[in-house]
Amino acid sequence: MIFVIGGAGFIGSSFVRKIENPVIYDKLTYAGRMENINDVKHIFIKGDVSSPELEESIKKYRPEIVVNFAAESHVDRSINNPYNFINTNINGPVNILENQRKYDFKYVHISTDEVYGEDMADENACLDPSSPYSSSKASADLFIKSYIRTYDVNTLIIRPSNAYGVRQYPEKLIPKAIIRSILKMEVPVYGTGNQVRNWIYVDDLVNVIKDLMINGKKGEVYNIAGNNMKTNMEILEMIGKYIDVKIKYVHDRPGHDRVYNMYNTKLNYNITPMEDGIKNTVEWYKNNRWWWEPLINDRYFSDDEPWHIKI
Ligand SMILES: NC(=O)c1ccc[n+]([C@@H]2O[C@H](COP(=O)([O-])OP(=O)(O)OC[C@H]3O[C@@H](n4cnc5c(N)ncnc54)[C@H](O)[C@@H]3O)[C@@H](O)[C@H]2O)c1
């Protein structure tokens, strides 16, 4: 049985579509929604990855594999308030590791390319995070490495590059730009808009994660890069082919990394051309207003420089 933590969020909800009868354990924060998984056959448990309740569920279902997507995932929110990030992104994985010592499952941890910072990075590169978000993710990776060394647990770390696609919360660049354009609002561009990210279509990403869940080796780190290096301005131009996009330059995010330049040395996988992925994504948001209309009052969607939000 596969136990998916954070399965009601963006990447997790694409992943659970690929496996049979998962148990989904999710706190349902602002980013986790039953709307994302109602059409998937699953067992649902509402719970916090960092809480002792996790053990009750692990004890009950005795999974062979635990895949952890649960995270506070938005950099702007981490700049305004890092504490949830420490709890979910560090205490959560440590809680899973402690359970793993008792219940002996394979733990597949989803990290991020942001742990490497701006330098070219293969899987052995040093971690050099820039934001409270990426620092919390890097901390979890270090705990995992220490548990592999100390307790010989069967754990592996996956570091995806920037993902895009359907059901992504509209605080993130691509859904925010699409939805604001549908609503004829300007799209804020942080700084010059020349920040480079390496984009991967979510469906491609979850296919690789599914494969690694079975074939990934204990103690390994796997980078999953999309091989689509694009500036934010180039992304907005691509979206502009399908919908009118009006941009507005705003101050840059503090500490904003200029580029993520991670590459993968271990895996071969299918990569959807970004033109096709963006076209599908724009179409999905155009056809699923019911999904995003309840979210547009969120200040991380509607404010132009949301890292100024007071906590
Ligand atoms: N989105 C990207 O571009 C990207 C890129 C690289 C890595 N990642 C990583 O992939 C993972 C999934 O990202 P995403 O974009 O799907 O995130 P998301 O914000 O869309 O979803 C996160 C999910 O975790 C749940 N969650 C949050 N706190 C929780 C807690 N304390 N206990 C249990 N559940 C909790 C939320 O309810 C939600 O369902 C994260 O670990 C993220 O760091 C994301």
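**Entry 1**

I began with Ile 86, which lies in helix H4; helices here are DSSP runs of H or I with at least four residues, strands are runs of E with at least two, and both are numbered from the N terminus. I note that this is a predicted model, in which local features need pLDDT of at least 70, side-chain atom pairs count only at pLDDT 80 or more, and totals for chains, interfaces and linings use all residues. Residues are numbered from 1 along each chain as its sequence is written, and side-chain values use heavy atoms, with hydrogens and water left out.

With a relative accessible area of 38%, Ile 86 is partly exposed, a class that lies between buried (under 20%) and exposed (over 50%), taken with a 1.4 Å probe and protein chains only.

Leaving out residues up to four places away in sequence, Thr 88 touches Val 49, Ala 70, Ala 71, Glu 72 and Pro 93, where contact means heavy atoms within 4.5 Å.

I next checked the length of H5: at 1.5 Å a residue its 20 residues should span 28 Å, and its end C-alpha atoms are 28 Å apart, which agrees; the expected span is 1.5 Å times one less than the number of residues.

Which residues of H5 are buried? I listed Tyr 133, Ser 134, Ser 136, Lys 137, Ala 138, Ala 140, Asp 141, Ile 144, Tyr 147 and Ile 148. An α-helix has 3.6 residues a turn, so residues three or four places apart point the same way. The buried residues of H5 pack against helix H3 (75-80), helix H4 (83-103), strand E5 (106-110) and strand E7 (155-160).

Within this helix I picked out Ser 134, which counts as buried at 0% relative accessibility. Its side chain reaches the backbone nitrogen of Ser 130 at 3.2 Å, a polar contact (a pair of N or O atoms within 3.5 Å; within protein, one must be able to donate a hydrogen and the other to accept it, and residues adjacent in sequence count only if both atoms are side-chain atoms). Beyond four places in sequence, Ser 134 touches Glu 114, Val 115 and Pro 129.

**Entry 1: two positive phi values**

Asp 152 follows H5 and sits in the loop between H5 and E7; its phi is near 60°, a positive value in a residue other than glycine, and its relative accessible area of 52% makes it exposed. Asp 104, in the loop between H4 and E5, has a positive phi of about 60° although it is not a glycine, and it is exposed, with a relative accessible area of 67%.

**Entry 2: the ligand**

Of the 29 residues around the ligand, I noted that Ile 11, Asp 26, Ser 73, Tyr 133 and Lys 137 come nearest, a residue being near when one of its heavy atoms lies within 4 Å. Helix H1 (10-15) and helix H5 (132-151) each supply at least two residues of this shell.

How do the shell residues divide into nonpolar, polar and charged? I recorded 13 nonpolar, 12 polar and 4 charged; Ala, Val, Leu, Ile, Met, Phe, Trp, Tyr, Cys and Pro count as nonpolar, Asp, Glu, Lys and Arg as charged, and the others, Gly among them, as polar.

A polar side-chain atom of Lys 137 lies 2.6 Å from an oxygen atom of the ligand, while a backbone N or O atom of Lys 27 lies 3.1 Å from a ligand nitrogen, and a polar backbone atom of Gly 32 is 3.5 Å from a ligand oxygen. The protein covers 97% of the 830 Å² of accessible area that the ligand has on its own, as found by the Shrake-Rupley method with a 1.4 Å probe.

**Entry 3: Val 202**

Last, I turned to Val 202, in helix H7 (residues 202-215), which counts as buried at 2% relative accessibility. Its C-alpha atom is separated by 5.5 Å from that of Ala 163, 39 residues apart along the chain. Setting aside neighbours within four places in sequence, Val 202 is in contact with Phe 10, Ile 11, Ser 14, Tyr 164, Gly 165 and Val 166.
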